[in-house]
Amino acid sequence: MHTATAAHPATLVPAVPPAFAPAALSWADVLPYRGDLLRYARRKLMDPSLAEDLVHDVFEAVATGRAAFGGRSALRTWLVGILKHKIVDLVRERAVHEPLADADDAGFGSAPGLVSAQPGPDEQVACRQRLAQAMARLETLTPGVRQAFELRVLQERSTEEVCSALAITEDNLFVRLHRARRALAA
């Protein structure tokens, strides 16, 4: 039978995976860098669970011997380098599996983030036409409604200013603005 004995905390050493058996690199040497690697991966990926997976992949690569530490750099630098390559591999894999949504007939898509804030020539022409139509409709309004709309909306004057300039009440101003907006929307 096996009996449990209390061990001194200093004697508790995590089990060393077989791949870390060489004296050059032990599990205890690599494990302290886990927090640094996680912070780096979270900062780059903005996804905590994905960052955790990639850090696990780094330790797996080191444990299985797919990555061998040659001692040509600091251990932390070497581990971060492996993590960077894992991140690049992930980005490339995602790029292959996520097609461009805006691809045109020739197969070329617009580059994301390079969209101009300025309207194109077609949009400018359409905007000018809508403005001309709105101004033409504005001229068809009765003089009182048109003046109320021009002062309050186009000149952006306060309600009090418009009411005193036209010698009308606030209620009457709101009625005139409603009529103007309804006529312009038609």
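This is a predicted model: local features need pLDDT of at least 70, side-chain atom pairs count only at pLDDT 80 or more; totals for chains, interfaces and linings use all residues.
Nonpolar side chains tend to be buried together in soluble globular proteins.

Residues up to four places away in sequence being set aside, Leu-37 touches Val-55, Val-58, Phe-59, Leu-79, Val-80 and Leu-83.

The arrangement of H2 and H3 may be considered next. Two packed helices are described by the angle between their axes and the distance between the axes. For H2 and H3, the angle is about 135° and the axes lie 8 Å apart; H2 is therefore oblique to H3. The crossing of H2 past H3 is right-handed. On the H2 side, the contact is made by Arg-34, Leu-37, Leu-38, Ala-41, Arg-42 and Leu-45. H3 supplies Pro-48, Leu-50, Ala-51, Glu-52, Leu-54, Val-55, Val-58 and Phe-59. Classified by residue type, this contact has 11 nonpolar, no polar and three charged residues.

Leu-90 belongs to helix H4 (residues 75–97). Leu-90 counts as buried because its relative accessibility is 14%, under the 20% limit. Beyond its neighbours within four places in sequence, Leu-90 is in contact with Leu-45, Leu-50 and Leu-54. Leu-90 and Leu-45 are separated by 45 residues in sequence, with a C-alpha to C-alpha distance of 9.9 Å.

How values were computed:
Residues are numbered from 1 along each chain as its sequence is written. Side-chain values use heavy atoms; hydrogens and water are left out. Helices (H or I, at least four residues) and strands (E, at least two) are DSSP runs, numbered from the N terminus. Buried means under 20% relative accessible area, exposed over 50%, partly exposed in between (1.4 Å probe, protein chains only). Contact means heavy atoms within 4.5 Å. Axes are lines fitted to C-alpha atoms, for helices over the stretch in contact, and angles run from 0 to 180 degrees between N-to-C directions. Angles under 35 degrees count as roughly parallel, over 145 as roughly antiparallel, 65 to 115 as roughly perpendicular and the rest as oblique. A crossing is left-handed if the near helix is turned anticlockwise from the far one by less than a right angle, and right-handed if clockwise. Ala, Val, Leu, Ile, Met, Phe, Trp, Tyr, Cys and Pro count as nonpolar, Asp, Glu, Lys and Arg as charged, and the others, Gly among them, as polar.
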